[in-house]
Amino acid sequence: MLQANGTIPADIHPTIVVTRTRDAGHGDFASNLAMMLAGPAARAPRDIARALIEALPSSEAIREVFVAGPGFINFYQADDVLSAVVRTVLSQGAMFGRAQVGAGQRVMVTFVSADLAGPVNAGQGRGAAVGASMANLMEAVGFEVQREYHVDDAGRQMDILATSVWLGYLDLVGESVDFPCAGYEGSCILSISQALLDEQGERLRHAAATVFADIDADEPAGGDKDRHIDALVLRAKELLDEADYRLVFDRALRCVLDGIRQDLGEFGVHYDHGLSEHSLSHDAQRIVDKLDASGYLYEEEGVRWFRSTGFGDDKDRPLDQANGQSTCLASDIACIDNRLEGGFDKVLHVVGAEQHGYTARRAAACEALGHSREKVECLLIQSTILFRGDKPVSMSTDSGSIVTVRELCDEVGKDAARFFHVMRKFSQHLDFDLDLARSQSSDNPVYHVQYAYARICSVMRQLDQRRLTFDQETGLAALSRLGETAETNLMTLLAGYPELIQRAALAHEPHQLTGYLRDLANGLHSYYNAHKVLVDDDELRHARLCLLLAVRQVLGNGLSLIGVSTPEVM
């Protein structure tokens with residue numbers, strides 16, 4: 001209409017965006033369309049806004065439309081439209097907020113892949129919480145999600161771990177072992193060494209003098225610790241035949257993975273698939289050959305290099321080493337190629353920020369192999385610093401690492417650990433206040449949210465105690481009685497939940513959900529403190545209880561997506 005009468009140029013086809021307002025005084029929804037059209041139309045934004053409003057058809061769902069500020073078009077929806085969300089929530093239950101925007105798209109989410117040298121630490125716990133929550137959110141909006149744990153069992157560190165276990169075994173059988181600086185120590189390694197002794201007896205024993213003969217000096221003796229441990233790895237492989245070295249290697253790997261699986265399981269993190277890097281050795285070589293055939297490799301001093309600078313990387317990257325072994329990059333891109341060739345539409349890597357250098361090279365390799373670089377995305381998780389009071393915590397475990405996820409859960413509980421780890425954007429550093437996480441007060445965000453859920457459960461229990469009744473259908477029919485500002489605010493929050501879930505899922509930002517849950521809990525507590533729910537007026541009581549049950553349902557839906565429980569009594 002406005003284009004036909006010349007108010008707006010006929011060749012303009014803007015994208016119309018309508019969003020929820022943050023301030024109830026600005027209506028329920030707003031659009032900046034008039035400001036977008038002002039330039040092409042050579043008219044003031046407010047004039048364009050008034051013309052758009054006059055051209056809008058009437059709708060029973062909208063009770064008022066007005067111009068605000070420099071030219072925003074703001075909408076108030078009809079009261080019965082807003083209250084209808086209560087019926088929708090109670091009807092859909094656990095399905096409320098779920099959608100199908102990702103239907104037909106398969107996504108692989110790889111996260112944690114903890115250091116095999118020890119238990120999962122608190123820093124890795126943040127990646128676990130973010131990765132698991134993000135996968136849940138994407139699944140909730142229709143994506144087919146597979147959660148994968150990448151087992152780094154083919155590199156140097158795993159050989160160092162196996163050799164450390166064997167040296168610990170030698171110490172247990174009475175050999176005098178000077179443990180290497182670059183080796184792995186602690187109760188975790190010792191328990192594996194003891195298990196090896198229990199299983200094999202002294203069959204794998206070799207004299208310490210033979211083990212350390214002609215080995216490069218370690219760091220305390222003026223040598224290089226890396227050359228020292230590498231020499232010990234080679235010596236272990238020489239003294240133990242291939243089968244026995246593999247036995248030690250597999251025993252160490254199995255024990256560490258069992259511990260990681262148990263720690264993550266208690267943290268509420270589970271995987272659909274585990275991928276061994278060792279199993280990718282053949283695929284890694286295939287990928288190297290594929291890149292070579294495409295002209296993307298060159299050789300220098302016995303090492304083949306990937307011309308990743310041709311695809312936006314800051315420098316070329318090696319795909320194998322002088323000793324013939326493939327690099328981690330070769331395995332990484334073999335995994336990516338397998339997933340994309342296998343029908344996945346996207347591969348998401350949730351990794352520590354220290355791996356930022358891998359982002360460009362993975363994308364470069366993806367493009368060189370014929371895939372869109374947008375199909376691979378790395379989410380870089382910033383570090384977590386634990387605080388007790390105003391002092392950083394430096395709690396060392398027997399394994400030599402910082403505080404473990406298990407210790408963290410023992411101290412603050414699984415729910416607090418999960419909630420705190422995702423309540424800040426993953427690209428920002430997280431200060432984790434242990435005292436706050438343990439406290440049972442409104443200052444503790446997870447306690448505050450869970451208490452809102454439990455408070456509603458308490459109200460429902462009080463019905464019998466007060467000999468009052470509740471009829472849901474009567475309450476739904478009387479939703480028009482809910483006219484208090486606090487009630488309107490709660491219904492507005494409920495109505496925004498589906499949009500919030502989609503936004504958080506597509507942006508890979510579970511912290512948006514924790515922020516929403518805190519807002520909803522705040523709204524519930526404010527309402528409960530200001531208004532009596534169990535009133536004598538039957539119709540009003542039924543309507544208010546319907547509202548509370550809808551709030552409880554959405555709190556439960558949201559908490560489940562971030563792996564936090566819903567206690568009915570607190």
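Visitor: How do you know that the length of helix H12 agrees with what its residues should span?

Guide: Helix H12 covers residues 357–368, and at 1.5 Å a residue its twelve residues should span 16 Å; the C-alpha atoms at its ends are 18 Å apart, which agrees. The model is a predicted one.

Visitor: Which residues of H12 are called buried, and what makes them so?

Guide: Arg-361, Arg-362, Ala-363, Ala-364, Ala-365, Cys-366 and Ala-368 are buried, which means that each has under 20% relative accessible area.

Visitor: What does the backbone do just after H12?

Guide: Just after H12, Gly-370 takes a positive phi, of about 95 degrees.

Visitor: Why is Ser-133 called buried?

Guide: The relative accessible area of Ser-133 is 0%, and the word applies under 20%, so Ser-133 is buried. Ser-133 is found in helix H4, which runs over residues 122–140. With its neighbours within four places in sequence left aside, Ser-133 is in contact with Arg-418, Val-422, Pro-510, Leu-561 and Ile-562, where contact stands for heavy atoms within 4.5 Å.

Visitor: What makes up the lining of the second largest pocket, and how much space lies in that pocket?

Guide: About 1,200 Å³ of space lies in the second largest pocket, and 39 residues line it, of which Arg-20, Thr-21, Arg-22, Thr-492 and Leu-493 lie nearest its centre. The elements that give two or more residues to this lining are strand E1 (18–20), strand E4 (72–77), helix H3 (79–92), helix H18 (485–507) and helix H19 (511–530). H18 gives the most, with twelve residues.

Visitor: What can be said of the protein chain as a whole?

Guide: The protein chain has 20 helices and 15 strands, and buried residues make up 49% of its 570 residues. Its C-alpha atoms fill a box of roughly 90 × 65 × 40 Å along the principal axes. Among contacts between residues at least 6 apart in sequence, 71% join residues at least 24 apart. The protein chain exposes about 26,000 Å², of which carbon and sulfur atoms supply 47%.

Note on methods. Residues numbered from 1 in each chain as written. Predicted model: local features only at pLDDT ≥ 70, side-chain atom pairs only at ≥ 80, totals over all residues. Heavy atoms only, no water. Helix = DSSP H or I, 4+ residues; strand = E, 2+ residues; numbered from the N terminus. Expected span 1.5 Å × (residues − 1). Buried < 20%, exposed > 50% of the residue type's maximum accessible area, 1.4 Å probe, protein only. 1 Å grid on protein atoms, 1.4 Å probe; cavity = no way out; pocket = protein on both sides within 12 Å on 5 of 7 lines; lining within 4 Å. Points joined across faces, edges and corners; volume = space filled by probe spheres on them. Areas by Shrake-Rupley, 256 points an atom, 1.4 Å probe, with all protein chains shown as cover.
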